[in-house]
Amino acid sequence: MIALPLWWGGAPARLKGLFDRALLPGRAFDPRKPLWSGLPTPLMGGRSARILLTSDTPNWAFGLLYSWAFRNQMQRQVLGFVGIKPTRMTNFAIARQAGPEKIAVWLDTARGLGRRAR
């Protein structure tokens with residue numbers, strides 16, 4: 001499970017840096033054994049991911065305005081590339097307008113998702 005704020009339409013730099021350091025050739029994928037498509041062989045199969053996202057982008061805008069760009073990047077180009085499938089995403093939005101009651105609901109949702117992930 002990864003929890004992050006959407007930052008200028010993408011993951012924060014520190015999370016990208018973590019991916020750069022953790023998802024290494026030979027550990028996360030094998031470039032010496034290309035698949036039929038020419039892409040490296042993923043080495044992290046059998047795992048799934050849940051992304052908890054806070055943002056000021058409403059859910060409807062992700063699809064209508066941005067063609068699910070962030071979701072596609074995480075599912076296909078980062079986690080899917082190394083074999084982590086499926087990747088599910090939960091967006092807690094609009095963060096800047098959330099009051100204490102809304103935040104409490106989000107925390108309960110996150111706890112429930114964490115319990116089910118065990």
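Contact, as used in these legends, means heavy atoms within 4.5 Å. Helices (H or I, at least four residues) and strands (E, at least two) are DSSP runs, numbered from the N terminus. This is a predicted model, where local features need pLDDT of at least 70, side-chain atom pairs count only at pLDDT 80 or more, and totals for chains, interfaces and linings use all residues. Residues are numbered from 1 along each chain as its sequence is written, and side-chain values use heavy atoms, leaving out hydrogens and water.

View 1. Trp106, Ala110, Gly112 and Leu113 are buried (under 20% relative accessible area; exposed is over 50%, partly exposed in between, with a 1.4 Å probe and protein chains only). They share one side of helix 4, because their arc around the axis, taken from the directions to the C-beta atoms, is only 160°. The buried residues pack against strand 4 (47-55) and strand 5 (84-93). On the face turned away, look for exposed Pro100, Glu101, Asp108 and Arg115.

**View 2. Phe29 meets Phe81.** The whole structure holds three aromatic pairs (ring centres of Phe, Tyr or Trp, its six-membered ring, within 6.5 Å; planes under 30 degrees apart are stacked, over 60 edge-to-face, the rest tilted). One of them, Phe29 with Phe81, is edge-to-face, at 5.2 Å centre to centre and 70° between the planes. Phe29 is in strand 2 and Phe81 in the loop between helix 3 and strand 5, so the pair ties together parts 52 residues apart in sequence.

**View 3. Phe92 meets Trp106.** Here the ring centres are 5.7 Å apart and the planes at 45°, so this pair is tilted. Both Phe92 and Trp106 are buried.
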